[in-house]
Amino acid sequence: MRNQHITVLLISCLFFSCKQNQEVQSSVEPTEKLENLTDLVNPLMGTDSAFDLSNGNTYPAIATPWGMNFWTPMTSKMGDGWTYKYDENKIRGIKQTHQPSPWINDYAAFSLMAVTGDLKYKEEERASWFSHKAEVVKPHYYKTYLADHDATVEVSPTGRAAHFKFTFPKREQSFIILDAFFKGSMVKIIPEERKIIGYCRNNNGGVPENFHNYFVAEFDKDFEVNHTWGDGWKLVKNSKDNEGEHVGAIVGFKTKKGEVVHVKIASSFISPKQAQLNLDREIGDHTFEQTKANAKEEWEKELGRIQVEDSNIERIKTFYSCLYRVLLFPRKFYEFNENNEIVHYSPYNGKVLPGYMFTDNGFWDTFRAVFPFFNMMYPELNSHIMEGLANTYKESGWLPEWASPGHRDCMIGSNSAPIVVDAFLKGVPNMDAEVLFEAILKNATTSEGRPLSNGNPIRSVGREGVEYYNKLGYVPYDVEINENAARTLEYAYADFTIAKMAEKLGKEEVANSFYKRSQNYKNLFDPSTKLMRGKNEDGNFQTPFNPLKWGDAFTEGNSLHYTWSVFHDVEGLIQLMGGKSEFEKKLDEVFTMPPDFDASYYGFTIHEIREMQIVNMGNYAHGNQPIQHMIYLYNYANAAYKTQEKIREVLTKLYSATPDGYCGDEDNGQTSAWYVFSALGFYPVTPGVNQYVIGSPLFKKARLHLENGNTFEINAPENSDSNIYIQSLTLNEKAYENSYLRFEDIQNGGVLDFQMGSDPNKNWANTNEAVPYSLSAN
């Protein structure tokens, strides 16, 4: 598509609030034509993925921002984590989903499907051919033509409900099928009320024994046929209820050509009564078009908080497609009871309790940029998330590191600490600071009493190997704790954030202790290779050492990737490497060397390795999170022009608003948040510090409409594909020579003017005082 000039006009945004009355949907009838930001979003970005190569590993999430339920078309069989594959040709149903990642898989899922002619209700038999040419995919709306049934299905969501619109041909037999899925389900058809109610219990862990997702579906047409099926797909004709391992409901009727049947459906993790309440409150007597307009308005408001202008429409589409992904997770896991009080079913102890709860997030990914983005743009939302974290601690005794919906054994680290601390230090309101500080301190102190999965402690909760770490200053390589070097580096950074919070709370002794611990990264630095390396319990480095070996001492990466995971003390790392010149050379090597690798730890080439190999950027692996901050580290060595050069390369080469538009797993908004921040011109290298490191802005103009009412404007009028280098910078019309911005500079509002050019200005930000924060230099 040729470039065209576009100026994005925005709705005057009401500032974000999660107040109870604002959760209730209201009828919206658009009164004037406005630029639609939702039309710039492609929810199919990243859906052309597979087990062995991820271009995002996403599915089209038809949802409201942070919605309790998402909806998505199913091209794959029930239980397949790759639920929608762009290159598949058949749809089996439209599924309610809560899946954060194909690797974590789904829970509480069920689906609706239209069938015409002879009854075909089994998953493989009812599947219909479809085409992307007859598919409409928006954040707030999905439509597709089911060719085998000559029927069209449309769906538009609310936070806890959805409105379906089925358009049928002339048939003596037309059916709508509700598949309640395997691992425990129940359906009950109530013809006199035109309803199907029931529950599903499918999950992949992280739930108490009493876990249920209760649903209610209301139709606007009388049922002429009602059947159910039981275990083994056994059809029970003229039946109204069924319960078992895998059951479903079938309702049927004669239809005229073009006849529309509406289904309003909602669910609850609390009770059938609450599911009905969610339906009445969020959809009620709204028409399909009203539900659709309400969902669109929610997205327009949130997308409109950032306004970008440029001549390249494709990059604007990529920006808003990434922003959409940032605004999906973590999921609201709370509901409003009959008294309009905030309550939640606890995925930790199975009780219904007051207060907020959020879930479906892996902090190993999202501590890096997603939560810093919330602190910049959504402090009120993040205050609710922080309350949810406090509730998780109270209900399980631990903070979640990977929750879906409860604790899951996935990934490593202690990354709840930077998430809590960054929110606290950036003034997120109404945080229970003492409870949350107690929780992150517990993580850093003991691994005893962690929650169990199949009788074994969940290793991602707390710190695996914390006793070794606190005794030796590192997690040893030879004590059967995998990914030990990566754990050590992440624990050291978490210790820094704990120290920062302790200091702010006036706990000086604790702060001093954890500042000291934050230097533990030095224990793994090997001066002979100038890289991080696993170390045995006896104090000797592990041998043999191959810096190209993925896994083993590291997590989904190698030493070349994890050596840079010293977020809080880059200056300390520079000193270990022998100074800024040596540090810069070491950064350069990652990009200039061939994409060689050693996959022997895994026994096969994992998709993260393949994604690094094929993008022609040496050993730089942007498709996975550990190295995503690394390009910005040139700034610390007074070589900011190299950051600018490489940031622009990643922005324009590795992202696009297409089904293959990511260069690896998108991961709960993190890879998208990298793009959103970097396209604006800066990035939060060190959550827990009030700075963003400056890169190279992508657009000619951007405006951030902040929650406090202020606006921060970013201008780069000479920006182009060749003008990628900063010549000079002014903040509020004053010359600015630092290669970082302060959090307060943005929150106070103002204007940041970039003067861009085609040649690097190596003198800009080229003093020791101009570099971002490091513990060793402060």
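I begin with a pair of helices: in helix 8, M386, L389, A390, Y393 and K394 meet V435, L436, E438, A439 and K442 of helix 10. Contact here means heavy atoms within 4.5 Å. Sorted by class, this contact of helix 8 with helix 10 has seven nonpolar, no polar and three charged residues. In that sorting, Ala, Val, Leu, Ile, Met, Phe, Trp, Tyr, Cys and Pro count as nonpolar, Asp, Glu, Lys and Arg as charged, and the others, Gly among them, as polar.

Before going further, a word on the basis of these values. This is a predicted model, in which local features need pLDDT of at least 70 and side-chain atom pairs count only at pLDDT 80 or more, while totals for chains, interfaces and linings use all residues. Residues are numbered from 1 along each chain as its sequence is written, and side-chain values use heavy atoms, with hydrogens and water left out. Helices (H or I, at least four residues) and strands (E, at least two) are DSSP runs, numbered from the N terminus.

Let me return to the pair. Helix 8 covers residues 379-396 and helix 10 covers residues 433-443; they pack at an angle of about 60 degrees, with their axes 10 Å apart. The axes are lines fitted to C-alpha atoms, for helices over the stretch in contact, and angles run from 0 to 180 degrees between N-to-C directions. Helix 8 and helix 10 are therefore oblique to each other. On this scale, angles under 35 degrees count as roughly parallel, over 145 as roughly antiparallel, 65 to 115 as roughly perpendicular, and the rest as oblique. The crossing of helix 8 past helix 10 is left-handed, a term for a near helix turned anticlockwise from the far one by less than a right angle, with right-handed used if clockwise.

Both of these helices also have a part in the surroundings of helix 9. The buried residues of helix 9 pack against helix 8 and helix 10, and also against helix 6 (363-366), helix 7 (370-377) and helix 12 (484-504). Nine of the 10 residues of helix 9 (residues 416-425) are buried, so this helix is largely enclosed by the rest of the structure. Buried means under 20% relative accessible area, exposed means over 50%, and partly exposed lies in between (1.4 Å probe, protein chains only). Among the buried residues are P418, D422 and F424. Just after helix 9, G427 takes a positive phi of about 80 degrees.

How many of the residues of helix 19 are buried? The count is 11 of its 11 residues, and the helix is mostly covered. W674 and Y675 are among these buried residues. Helix 19 is followed by G681, whose phi is positive, near 115 degrees.

Two partners of helix 19 deserve attention. With helix 5 (residues 313-326), helix 19 (residues 670-680) has axes that come within 8 Å and cross at roughly 130 degrees. Helix 5 and helix 19 are therefore oblique to each other, and their crossing is left-handed. On helix 5 the contact is made by R315, T318, F319, C322, L323, R325 and V326, and on helix 19 by S672, A673, Y675, V676, A679 and L680. By class, there are nine nonpolar, two polar and two charged residues in this contact.

The other partner is helix 18, which packs with helix 19 at an angle of about 125 degrees, their axes being 10 Å apart. That makes helix 18 oblique to helix 19. Their crossing, too, is left-handed. I647, V650 and L651 in helix 18 meet W674, Y675, S678 and A679 in helix 19. This contact has six nonpolar, one polar and no charged residues.

Helix 18 (residues 640-653) also holds K646. Is K646 buried or exposed? K646 is buried, with a relative accessible area of 11%. Not counting residues up to four places away in sequence, K646 touches F591, I631 and Y634.

For contrast in setting, S513 lies in helix 13 (residues 508-517). At 31% relative accessibility, S513 counts as partly exposed. S513 and A499 are 14 residues apart in sequence and 7.6 Å apart in space, C-alpha to C-alpha.
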